[in-house]
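Colleague: Could you show me how to read side-chain contacts and accessibility in a model such as this one? I would like the general idea each time, and then the case at hand.

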Amino acid sequence: MTRRIRELRETVARLHGELTRNNLVAWTSGNVSARVPGQDLMVIKPSGVSYDDLTAATMVVCDLDGVLVEGDFAPSSDTAAHAYVYRAMPEVGGVVHTHSSYATAWAACGESIPCHLTAQADEFGGEIPIGPFALIGGDDIGKGIVATLAGHRSPAVLMRNHGVFTIGRNARAAVKAAVMCEDVARTAYLARTLGQPVPMAQADIDSLHDRYQNVYGQHPVAPAGS
Ligand SMILES: [Zn+2]
């Protein structure tokens, strides 16, 4: 096992803790994967193992056809979907899948989440789109994810009658998108129950998204006196 894969096993195992900490999963549903940079491999959750028992050692390594390469357990039943995304979207380094309640309620209704919040404009750049219905097994879910997210600002898709898939430049970014997606979905649901949410101007959504993606956060600062 290379050092890189050992580190990714630890990272992916630890990130699964964020799914439980943020109440995004029930029982063993939900999974995180990470692409192994420079290799046609990914690290992903094993199938059906309790969240309490997920460690670096229980993670599995698959190739980008979803075939097990290294590990003591069968890979997640969603492995084919993750693998399809990595094959089709070279810029993606992490994929997350959950059935988080509020976001999945929108998926059950077959509705995109319209952008009525600055936080949604920041992270998603507009609506969180609805994807097609697809049965598990084979490439149909992966195809639906890629068809919806390719060229879209949103790193999250609500797969109809199913749940959430998110992508990111690495696994941590994909987990963050899954957490933010559920937060936005909950607030959008509450707003809808209160009344009619107020639309935002597209120019404001664009401006917020640009600022958040390019300016917000911690950046290296030139040393004093330079
Ligand atoms: Zn699922």
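This is a predicted model: local features need pLDDT of at least 70, side-chain atom pairs count only at pLDDT 80 or more; totals for chains, interfaces and linings use all residues.

Colleague: Which interaction do the side chains of Arg3 and Glu7 form?

Modeller: Side chains of opposite charge can pair when their charged atoms come close. Arg3 and Glu7 meet in a salt bridge at 3.2 Å, N to O (a side-chain nitrogen of Lys or Arg within 4 Å of a carboxyl oxygen of Asp or Glu). Both residues lie in helix H1, residues 3–21, where they are 4 residues apart, about one turn of the helix; helices (H or I, at least four residues) and strands (E, at least two) are DSSP runs numbered from the N terminus.

Colleague: How many salt bridges does the structure hold, and where in the chain are Lys176 and Glu123, which are linked as a pair?

Modeller: The structure holds 9 salt bridges. In the one formed by Lys176 with Glu123, the closest N and O atoms are 3.2 Å apart. That pair links distant parts of the chain, with Lys176 in helix H6 (residues 171–194) and Glu123 in helix H4 (residues 118–124), 53 residues apart. Glu123 is buried, with a relative accessible area of 8%, while Lys176 counts as partly exposed at 33% relative accessibility.

Colleague: What distance separates Arg87 and Asp65, N to O, in their salt bridge?

Modeller: The side chains of Arg87 and Asp65 meet at 3.9 Å, N to O. Arg87 lies in helix H2 (residues 79–88) and Asp65 in the loop between strand S3 (60–63) and strand S4 (68–70), so the pair ties together parts that are 22 residues apart in sequence. Asp65 is exposed, with a relative accessible area of 57%, and Arg87 is partly exposed, at 36%.

Colleague: Which residues coordinate the zinc ion?

Modeller: Donors are taken as N, O and S atoms within 2.8 Å of the metal (3.2 Å for Na, K and Ca), and sites may look incomplete because water is not among the atoms. Here the zinc ion is coordinated through the NE2 atoms of His97, His99 and His162, at 2.0 to 2.1 Å, and the donors follow the spacing H-x1-H-x62-H along the chain. His99 is partly exposed, with a relative accessible area of 36%.

Colleague: How many helices and strands are there in the chain, and what share of the residues counts as buried?

Modeller: The chain has 7 helices and 8 strands, and 45% of its 226 residues count as buried.

Terms used. Residues are numbered from 1 along each chain as its sequence is written. Side-chain values use heavy atoms; hydrogens and water are left out. Buried means under 20% relative accessible area, exposed over 50%, partly exposed in between (1.4 Å probe, protein chains only).
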